[in-house]
Amino acid sequence: DYKRRQACEALAEMGPMGKRAIPDLIKRLEDVNLGVREFAELALSKMGPDAVGPLEEVLGHDDPAVRLHAAAAIIGIDPTHRAASEELVNAVTGIGNAELASKAREVLIKLGPKAVPLLEPKLHDPYAPVRLYIVKTLGDMRENATAAVPALIRLAKKDRDVSVREAAIKAMAAIGPREAVAV
């Protein structure tokens, strides 16, 4: 495990110069060791545009964890990639797998303000738990989610689910400052 992680870490440091290893790194996304998967994801995200095509193929994988690592690597290269964004946003809802939801949240939070337009459409999802997870993710983004404040204000005032309304208020308090989120 340690040697595979070291190899992935070294390839990450090489960046695009290590692009010949892309197929091997793709295989490491399925590694039995979570740490190896994480380092493979990091290395792939450093490979640049040459890794996007092979990673896109992995977005159709049966294992949602493998798809998530591929999506995170793609987002590291191209934050506007639609299919990878959709995979992350779908995973962040946490419905079915809390571990994957946590990983997706981390990636989206790191993405910063660029994640807001990816998350906002899910604020209109008919399923309240989906809206709730998205609102909480926006709150965890703090000041990086200021662009979502108008949508959060609408939710705080009009959502049919009280837990979503409460979460929207808490998210705005986390986003702050008070003047920007006054309802």
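The secondary structure of the protein comprises twelve helices and zero strands, where helices (H or I, at least four residues) and strands (E, at least two) are DSSP runs numbered from the N terminus. The model is predicted: local features need pLDDT of at least 70, side-chain atom pairs count only at pLDDT 80 or more, and totals for chains, interfaces and linings use all residues. Residues are numbered from 1 along each chain as its sequence is written, and side-chain values use heavy atoms, with hydrogens and water left out.

The C-alpha trace spans about 55 × 30 × 25 Å along its principal axes. Of the 183 residues, 49% are buried (under 20% relative accessible area; exposed is over 50%, partly exposed in between; 1.4 Å probe, protein chains only).

Helix 1 (residues 2–14) and helix 3 (residues 34–46) have axes that come within 8 Å and cross at roughly 15°. Axes are lines fitted to C-alpha atoms, for helices over the stretch in contact, and angles run from 0 to 180 degrees between N-to-C directions. The two helices are therefore roughly parallel to each other (angles under 35 degrees). In helix 1, Arg4, Arg5, Cys8, Glu9, Leu11 and Ala12 meet Gly35, Val36, Phe39, Ala40, Leu42, Ala43 and Lys46 of helix 3, contact meaning heavy atoms within 4.5 Å.

Aspartate 24 lies in helix 2 (residues 22–28). Aspartate 24 is partly exposed, with a relative accessible area of 48%. Aspartate 24 and alanine 40 are 16 residues apart in sequence, and their C-alpha atoms are 9.0 Å apart in space.

How values were computed
Angles under 35 degrees count as roughly parallel, over 145 as roughly antiparallel, 65 to 115 as roughly perpendicular and the rest as oblique.
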